[in-house]
Amino acid sequence: MVQINFALKEVNCKIVFYGPGMSGKTTNLEIVHEKAPEENKGELTSISTDGDRTLFFDFMPLDLGNVAGMRTKFQLYTVPGQVYYNSTRKLVLQGVDGVIFVADSDAEKMSENIESYQNLIENLQEYGKDIRELPHVIQYNKRDHANAMSVEDMDSQLNKFGVPTFEAVAYRGEGVFPTLKTLAGMVLESIDRMDRGGKRAPAAEPARATQKVGKPAAAPAPRVAAPASTQRPSSPKSAGSNRAAAAPSMATARPSARGKAPVAANPRPAAAPMRTSTAGKPALSQNRRQAQPVARVPARRASGGLALVITLSVLLVGAAAGVVYFFMGSNLS
Amino acid sequence: MSEAKKMSRNDKLRHDRLTFYKDDIDKIDKLLAEFLRLSGAKSALLIDKEGHLVTKRGEIKTIDIDTISALVAGSFAATKEMARLLGEEEFTAMYHQGERDNIQLGLVGDRTLLTILFDDRTTVGMVRLYANETAKKLADIFKSTMGRQHESPDLGADYGTNAKKSLDKLFD
Ligand SMILES: Nc1nc2c(ncn2[C@@H]2O[C@H](COP(=O)(O)OP(=O)(O)OP(=O)(O)O)[C@@H](O)[C@H]2O)c(=O)[nH]1
Ligand SMILES: [Mg+2]
């Protein structure tokens, strides 16, 4: 739900990355975090298992700056894609203003894509929302996959409402910003339209052509363009063995569907680790690699000289309860 | 889609947003300041259920209000879901105890959360007592503001075009 706050002179909107497990939602957000200008982004906070599967959500604020006197901010969230986590996924969807559906191009994942899209429709319905009235776009991610389905086939199976679509290779950063830009534009347009009396519902834009990867953000997509590369990345996350195993607690609740080799290191108590990356964190794999997945909020933007530590741990439903601790230091307001 | 639903779409869109006007926030700020004085708590944040800050009072010493607001809303939502599964209507309050600082969360009306930070200069009993009173008064303010949300457009006429420009700038 858009919040318009005339006292703070702010407009806040909530954008959610949705889609099946492992489709690349968290990766999208990591790229946005890595590449957005320093002054526009806040920290990236992840509530995930040790295996880096999203457990509750990833979150980062993105500040568009001053728009006609109102500081306009997007709160970006990802949901956990695994079927098992529907209760938390639904919570993240509450009050959503726009959705980026991240689909996996692997032909074998098509049924999961369809199931997840259907699940999105149903979860929105539970909040009394009709997907056709909600700004949303679809991203066909993992275009580099050897077994990638054609865009036409994906379109006909998934894009029921003719929303804008984008090709992406998220972990190389391709297609991430064009997707977000278009959706953000649709959300802002819907706010503007609401404001003027809501003559039309914020339905999908007419554009049907899928924007190809490797194109600059603003360029409209010529359909002939080939994907930037058809070659498969040598190792789509060789550093990614750290995400192979779910946290012990989660593993007992439900073993990782992917049955990867368990990582022996770092058996942890039931608490879900919270990752917080600094604004200028270097490589993605670094973001993910986390020897000590504990809450850590770096003192970015601390205006006073005093130190600040916030420790948060959130134990979740489905298995657990939520706990938050704040420790406060310097003075801001 | 039924006719009735079509007719109400415009209303629904407006209902789908939360608008706070300066004079209402001034009233809220006053209430929060009074609450802090009476209870001895350090600070109070009013956060909407989507995790956006509405207003804050007191010594707020954190670097990232956006993140805190998102986490507060998330953990409250999770708790609420737990309540539902246990057959409770809703847990209307939550309390987190730290070594030095504590947090009390309470529902205000059906759309906002009052988040109170306090330390050992006061007690959870005092905080809860005054928080309940304050929540009631806040709920009254919200009730009286609801009707006003249908007034003239809220954002400037140039908001849409300026927003496009800003997006181009951010994503170029
Ligand atoms: N080949 C390939 N792999 C990708 C691409 N984008 C992301 N990945 C990899 O896919 C895996 C899963 O990515 P995540 O971003 O964690 O997936 P998710 O959608 O957040 O998954 P859940 O949190 O479980 O819902 C990671 O190993 C990524 O590096 C891509 O474009 N191509
Ligand atoms: Mg994820």
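User: Is Glu59(B) buried, exposed or partly exposed?
Analyst: A word on the basis first: this is a predicted model, in which local features need pLDDT of at least 70, side-chain atom pairs count only at pLDDT 80 or more, totals for chains, interfaces and linings use all residues, and side-chain values use heavy atoms, without hydrogens or water. Residues are numbered from 1 along each chain as its sequence is written, while chains are lettered from A and ligands numbered from 1 in the order in which they are written. Buried means under 20% relative accessible area, exposed over 50% and partly exposed in between, with a 1.4 Å probe and protein chains only. With 28%, Glu59(B) is partly exposed.

User: How many residues apart are Glu59(B) and Arg121(B), and where does each one lie?
Analyst: Their side chains form a salt bridge (Lys or Arg side-chain nitrogen within 4 Å of an Asp or Glu carboxyl oxygen), at 3.7 Å from N to O. Glu59(B) sits in the loop between β3 and α4 (65-85) of chain B, and Arg121(B) in the loop between β6 (112-118) and α5 (124-146) of chain B. Helices (H or I, at least four residues) and strands (E, at least two) are DSSP runs numbered from the N terminus. The pair links distant parts of the chain, and the separation is 62 residues.

User: Which parts of chain B does the pair Asp29(B) and Arg57(B) tie together?
Analyst: The two side chains meet in a salt bridge of 2.9 Å, N to O. Asp29(B) is buried at 12% relative accessible area, whereas Arg57(B) is partly exposed at 34%. The pair ties together parts 28 residues apart in sequence, because the residues lie in helix α3 and strand β3 (residues 53-58).

User: Which residue forms a salt bridge with Lys27(B)?
Analyst: Look within helix α3 (residues 22-39) of chain B, where both residues of this pair lie, 3 residues apart or about one turn of the helix. The closest N and O atoms are 4.0 Å apart, and the partner is Asp24(B).

User: How many salt bridges are found over all chains?
Analyst: Some of the charged residues are linked in a network: Glu10(A), Asp63(A), Arg71(A) and Lys73(A) together with Asp66(B). A search of the whole structure gives a total of 18.

User: Which residues coordinate the magnesium ion (ligand 2)?
Analyst: Donors are N, O and S atoms within 2.8 Å of the metal (3.2 Å for Na, K and Ca), and water is not among the atoms, so sites may look incomplete. Both donors here are OG1 atoms at 2.0 Å, from Thr26(A) and Thr54(A). Those residues link helix α1 (residues 25-35) and strand β4 (residues 54-67) of chain A, 28 residues apart. Each counts as buried, at 8% for Thr26(A) and at 9% for Thr54(A).

User: How many bridges join strand β5 (residues 102-108) of chain B to β6(B)?
Analyst: Strands pair if DSSP finds at least two bridges between them. On one side, antiparallel β2 (residues 43-48) of chain B has 6 bridges to β6(B), with Ser43(B) partnering Leu117(B). Leu107(B) stands opposite Leu113(B). The strands β5 and β6(B) also run antiparallel, and their bridges number 7.
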